[in-house]
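Here are my notes on the model, point by point. Please read them with the structure open.

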Amino acid sequence: MPVREKLHAQAPWTALRSTPADWKAADPALLGSMLTQLHLIRAFEESVLELAGEGLVHGPAHSSIGQEGGAVGSVIGLRASDQVNGSHRGHHQFLAKTLSYLAPTLDPAADFAAPIEGMLHRSLAEILGLEPGFGHGRGGSMHLRWIEAGALGTNAIVGGGVPLAAGAAMAHKLAGTGDIAVTYFGDGAINIGSTLETMNLAAAWALPLLFVVENNLYAVATHVDEATCEARLSGRGPGFGIPAWRVDGMDPLAVHLATQEATSLLRAGKGPALIELEVYRYFHQNGPLPGSAFGYRSKDEETAWRGRDPLARVATEMTALGLIDDGAVADLRERCVALMKDIAGRLLEPDGNRRRIRPDLWPDIAFVDVGLRGELPALSAKGPPTGPTIERKFVDAIADVLHRRMETDPSIVIMGEDIHRLKGGTNGATRGLASAFPGRVLGTPISENAFTGLAGGLAMDGRYRPIIEFMYPDFMWVAADQVFNQIGKARHMFGGTTDVPLVLRSKIAMGTGYGSQHSLDPAGVFATAPGWRIVAPSTPQDYIGLMNAALKGSDPVLVIEHVDLYQMNGLIPAADLDFTIPLGKARIVREGRDLTILTYSAMVHRSLEAVEALGVDAEIVDLRTLDRASLDWETIGASVRKTHNVLIVEQGARGTSYGAMLADELHRLLFDWLDQPVQRVHGREASPTISKVLERAAFAGREEVMAGIARVMAERGTPLAGAAA
């Protein structure tokens with residue numbers, strides 16, 4: 001017979017309820033503030049639903065009516081410097097945080113101060129997509145951000161904001177402020193990979209992060225019992241070693257008490273923590289109708305939950321304690337409704353028998369692309385550094401410049417899988433950094449979604465500048481939400497003012513036998529995604545200068561390395577690792593008059609070999625920076641106007657080709673200077689596979705470049721002597 005021993009989770013799991021004694025002991029000012037916030041949020045949400053019913057909300061209107069108690073109870077005890085983020089249904093948390101920031105204490109009988117009216121006006125304007133909103137109308141209902149108030153931003157991707165909040169918590173931990181971050185999400189998001197990855201990472205790194213899951217029983221129309229075997233969602237916490245509480249979210253005081261217990265752990269460095277709020281949204285996922293109208297909930301269920309309304313609960317308890325009377329509660333309700341009616345009225349005007357948005361409040365359409373990226377830093381465009389040089393391997397130059405930047409900039413933090421082990425990660429590019437800068441070179445769990453999002457949140461905080469490494473660029477698909485939906489879009493989505501100073505390093509590994517899922521050239525994918533800048537150095541010196549420039553900017557930058565270059569030697573300045581090569585400056589590798597070859601990374605060297613082997617008078621342009629906004633059209637244009645003939649050379653697959661975008665731009669901008677259509681060299685449609693011969697057949701190398709050069713010259717009418725067509 002086997003021996004069995006019952007195991008117990010190392011982290012506590014607690015159900016917490018308030019008692020009459022708790023209500024009696026509560027600060028009357030706290031209760032009054034709770035009641036006032038609840039009524040303001042309820043009136044705000046009712047106004048949103050009214051406008052949605054009139055067709056004035058463009059897009060969804062995810063109401064939080066019924067769930068206000070969880071937001072108010074958890075936020076009202078936070079510091080102004082604490083930060084929160086939430087999901088698509090996050091109006092109540094955003095409003096609770098901004099109300100607490102503007103007025104830590106609210107008297108139910110007092111008039112509403114002008115800053116409160118102003119915040120509600122900006123919030124409603126944002127939801128309607130109008131210029132006076134926090135994001136100039138770009139964010140709308142699902143992307144509400146006011147960083148000064150500690151509102152990091154609500155998020156339209158289920159679970160997408162959770163890793164970003166971990167980044168904010170990481171910033172607080174590194175800064176030693178004692179501040180915390182709170183991330184709110186629903187019962188649907190708790191089963192999302194990014195949420196669970198972040199729980200594990202936050203626990204492993206003891207981040208001051210409070211996970212708050214609003215269990216409103218339904219992810220759209222799917223009941224929580226259908227989605228998971230353990231519907232007590234706070235049970236996820238102990239599984240990661242995270243203390244957890246289960247609380248009635250319709251009781252704001254109980255939520256407040258649980259939050260106080262949880263935040264005391266976080267401020268003592270014993271985080272993270274998790275609170276499950278049992279709440280209920282009174283309306284459907286989106287819009288002004290109840291769930292019963294769609295058949296997935298019963299009217300009896302809705303009526304039972306409405307009988308537990310958090311507004312009524314606080315008012316009843318305060319009345320019993322003699323802190324307020326029914327007339328004062330009714331007056332508070334009337335004033336909140338009147339305030340929101342007035343605010344909505346300022347945004348609308350009559351339109352026959354209907355209302356419409358005031359036309360002068362719409363954003364200027366010229367604003368549509370403004371703020372996709374920040375301004376490039378003002379860097380000297382002088383030539384390469386002069387003085388003594390030394391020969392250095394490409395991979396050693398990476399480690400050298402990272403060491404120098406960490407030495408001179410304490411805000412830089414590096415993270416990735418195994419980068420702190422193996423004498424500098426799997427390639428040696430972070431050699432010596434972990435021992436030189438303890439606590440700033442962080443080996444992560446295998447969780448690209450979590451650590452990428454954490455780095456994004458850390459960058460958006462503004463106090464730190466993260467560098468992350470993807471061991472292989474194909475892993476961007478694992479972290480695609482954080483890479484493209486979050487980090488890439490953040491600046492533009494929140495109105496063009498949010499800096500995201502992050503560097504993502506990764507390598508092209510074609511020819512190493514790692515197969516289809518480890519051999520991507522990411523340039524073409526990133527070039528079609530808004531917000532990212534891309535650099536692809538081809539020499540050790542260029543790597544140093546471009547990395548230095550990338551770390552001076554305010555945008556996320558993808559730095560592409562290539563395994564073929566790691567062991568290649570090149571000259572770098574012997575005593576200067578601080579020089580910069582401004583982004584947007586291409587390099588003429590070889591001058592010529594008959595053909596312009598546009599290329600990058602290792603294919604610069606393959607192109608040079610091919611040109612020399614064929615004896616063609618070709619000009620080779622190393623693009624260096626590849627994103628659409630940073631292409632050096634001055635250098636490219638000058639070369640094309642000289643040769644009238646263009647070949648784009650890249651190594652990767654046809655489907656994710658960078659050259660497709662570049663060729664299109666060339667045809668649009670320089671068509672009159674071309675003697676023939678732009679030609680391209682690229683890999684096959686299939687990704688490289690494991691078989692050595694099939695792998696080589698899938699990507700482009702020297703031979704394919706030679707064939708491409710011969711083809712483009714022949715089709716121009718000037719075939720190369722002895723070259724196969």
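1. The crossing of α2 and α13 is right-handed. A crossing gets that label if the near helix is turned clockwise from the far one by less than a right angle, and left-handed if anticlockwise. The residues of this contact divide into 11 nonpolar, 3 polar and 3 charged. Here Ala, Val, Leu, Ile, Met, Phe, Trp, Tyr, Cys and Pro count as nonpolar, Asp, Glu, Lys and Arg as charged, and the others, Gly among them, as polar.

2. A word on the basis. This is a predicted model: local features need pLDDT of at least 70, side-chain atom pairs count only at pLDDT 80 or more, and totals for chains, interfaces and linings use all residues. Residues are numbered from 1 along each chain as its sequence is written, and side-chain values use heavy atoms, with hydrogens and water left out.

3. Now the geometry of that pair. Helix α2 (residues 28-53) packs against helix α13 (residues 326-347) at about 40 degrees, and the axes are 9 Å apart. That makes α2 oblique to α13. Angles under 35 degrees count as roughly parallel, over 145 as roughly antiparallel, 65 to 115 as roughly perpendicular and the rest as oblique. Axes are lines fitted to C-alpha atoms, for helices over the stretch in contact, and angles run from 0 to 180 degrees between N-to-C directions. Helices are DSSP runs (H or I, at least four residues), as are strands (E, at least two), numbered from the N terminus.

4. Which residues meet? From α2, they include L35, H39 and F44. The α13 side includes V329, C336 and M340. Contact means heavy atoms within 4.5 Å.

5. Helix α14 (residues 394-408) is mostly covered, with 11 of its 15 residues buried. Buried means under 20% relative accessible area, exposed over 50%, partly exposed in between (1.4 Å probe, protein chains only). Among the buried residues are F394, D396, D400 and R405.

6. T643 lies in helix α23 (residues 633-643). At 0% relative accessibility, T643 counts as buried. Leaving aside residues up to four places away in sequence, T643 touches G592, R593, D594, L595, T596 and R716.

7. Most residues other than glycine have a negative phi, and most peptide bonds are trans. G271 and P272 are joined by a cis peptide bond, with omega about 0 degrees. D418 has a positive phi of about 65 degrees, and L422 has one near 60 degrees. D418 is in the loop between β13 (412-416) and α15 (433-436), and L422 is in the loop between β13 and α15. D418 is partly exposed at 32%, whereas L422 is exposed at 55%.

Definitions and conventions
Expected span 1.5 Å × (residues − 1).
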